[in-house]
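Here's a quick briefing to read alongside the structure. Keep the 3D view open and find each spot as it comes up.

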Amino acid sequence: MLKEDIKRFLFSKNAVIAFIMYFAISILNIYFVRSELPLSNPSYMQPCAFDYFVMIQGGGSGFLFVLLPLIVTLSTGDLFIKERTTSILSYSLTRVSEKKYIVNKITSIGIGSFLFLLFTELILLFVIMVIFPTGNLVSPNENVYYAVGLFINYPVLYCLLIVINSSLMAVFFSIFSIMISIYIKNIYASLILPYVAFIGISQILMAFPMILGEKGIMIYNLTPLVMTGDYITNSFEWFIVPAYWIVLIFIIFIITKSCFISQFKNEKILLH
C-alpha cells in the first residue's frame, strides 16, 4: 500500500496543479526581486543563480515561502478525506488494523509530500542555474544570516539544505491535513484549514515580543512562518531548522495516530 499511495500522490491531478502553482509563484517572485535591484547600474554586480534561489526562499523580497504550506496542503489535503468519504477506508480496515492503516497512511502521504517538494525545488534550482550565472555571490553577508559560512563557501550545498528544510516542512503540513480530515469531512476545509492555522498561529506568536519584550524574540524566531523560510535572515546554526521540523513531525505523527484510533474506537470514522 505504501508504494502505491506514494505513486498515486506524485502523479495525481492535485500534485500537478500544485507543481504549476509553485513555478508560477517562483517566476513572479524572481521578477519582483529583479525589479528591486539596480540592474541597469553598470557598476552593480549581478546576482548569481544561488543568490536568486535563496532570495525567493525567504526574507527580504522573497514571498514564495509564505505560500509553500498552501501548495503542500493543496496537493495532499484531499488524499485521506477521499478515502474516508468513500468505501476505500472501510475496505482497507477489513484488511489491516486501524493502527497499521493510519501509520501506513501517514507514512505514505508524508514521504510523498517530502519527495514532491524535494523534486520540485530541485527542478527550480536547476532551472535557475541554467538561466542565471553561477559565479560569485552578491554580498552574501547582507542577504543571509542562517548558516552563512556554508552559503559563502558551499552555495550548492547550502541550497540543498534549504530544499531539505522545505521538504521536511511539507511532511509536517501533509500530516496536519490528515489530522484535520479525521474530524472534518469537508474537502475544502481539509485543504485550506492547515494554511489558515499556519498563518493564524504564526501571527499570534509573532506578537509575543510586544508583550514580553526581548524574552519574546525567541518565540518570534521559532514561529512556523519564520521557520518556513524567513529563518534565512536569522543567525541559526544549520541544524536548528531541520531539527525544528523533525520534532514537529514526530509530535503531529503521534497526535494524528492517537486521534484516528480514538475516533475509530468511538465509531466516528466510518460514519457518513
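**How helix α2 packs**

Helix α2 and helix α3 (residues 49–57) pack at an angle of about 110 degrees, and their axes are 10 Å apart. Keep in mind that this is a predicted model. Angles from 65 to 115 degrees count as roughly perpendicular, so that's the label for α2 and α3.

*Helix α2 and its partners*

- On the α2 side, the contact with α3 is made by Y22, S26, N29, I30, V33 and R34. The α3 side brings in Y52, M55, I56 and Q57.
- Helix α2 (residues 13–35) also packs with helix α4 (residues 64–76), at an angle of about 170 degrees and with axes 9 Å apart.
- Angles over 145 degrees count as roughly antiparallel, so α2 and α4 get that description.

*A nonpolar patch on the surface*

- F119, I123, F126, V127, V130 and I131 form a nonpolar surface patch, and together they have about 580 Å² of accessible area.
- One of them, I123, sits in helix α7 (residues 98–131).
- I123 is partly exposed, with a relative accessible area of 37%.

*A buried loop residue*

- N234 is found in the loop between α14 (224–228) and α15 (240–265).
- Buried means under 20% relative accessible area, so N234, at 16%, counts as buried.
- Setting aside neighbours within four places in sequence, N234 touches Y145, Y146, N221 and V226.

Terms used: Residues are numbered from 1 along each chain as its sequence is written. This is a predicted model: local features need pLDDT of at least 70, side-chain atom pairs count only at pLDDT 80 or more; totals for chains, interfaces and linings use all residues. Side-chain values use heavy atoms; hydrogens and water are left out. Patches are made of residues with over 30% relative accessible area and no salt bridge: like charges are joined within 9 Å, nonpolar side chains (Val, Leu, Ile, Met, Phe, Trp, Tyr) within 5 Å. Accessible areas come from the Shrake-Rupley method with a 1.4 Å probe; for residues, only the protein chains shown count as cover. A salt bridge is a side-chain nitrogen of Lys or Arg within 4 Å of a carboxyl oxygen of Asp or Glu. Helices (H or I, at least four residues) and strands (E, at least two) are DSSP runs, numbered from the N terminus. Buried means under 20% relative accessible area, exposed over 50%, partly exposed in between (1.4 Å probe, protein chains only). Axes are lines fitted to C-alpha atoms, for helices over the stretch in contact, and angles run from 0 to 180 degrees between N-to-C directions. Angles under 35 degrees count as roughly parallel, over 145 as roughly antiparallel, 65 to 115 as roughly perpendicular and the rest as oblique. Contact means heavy atoms within 4.5 Å.
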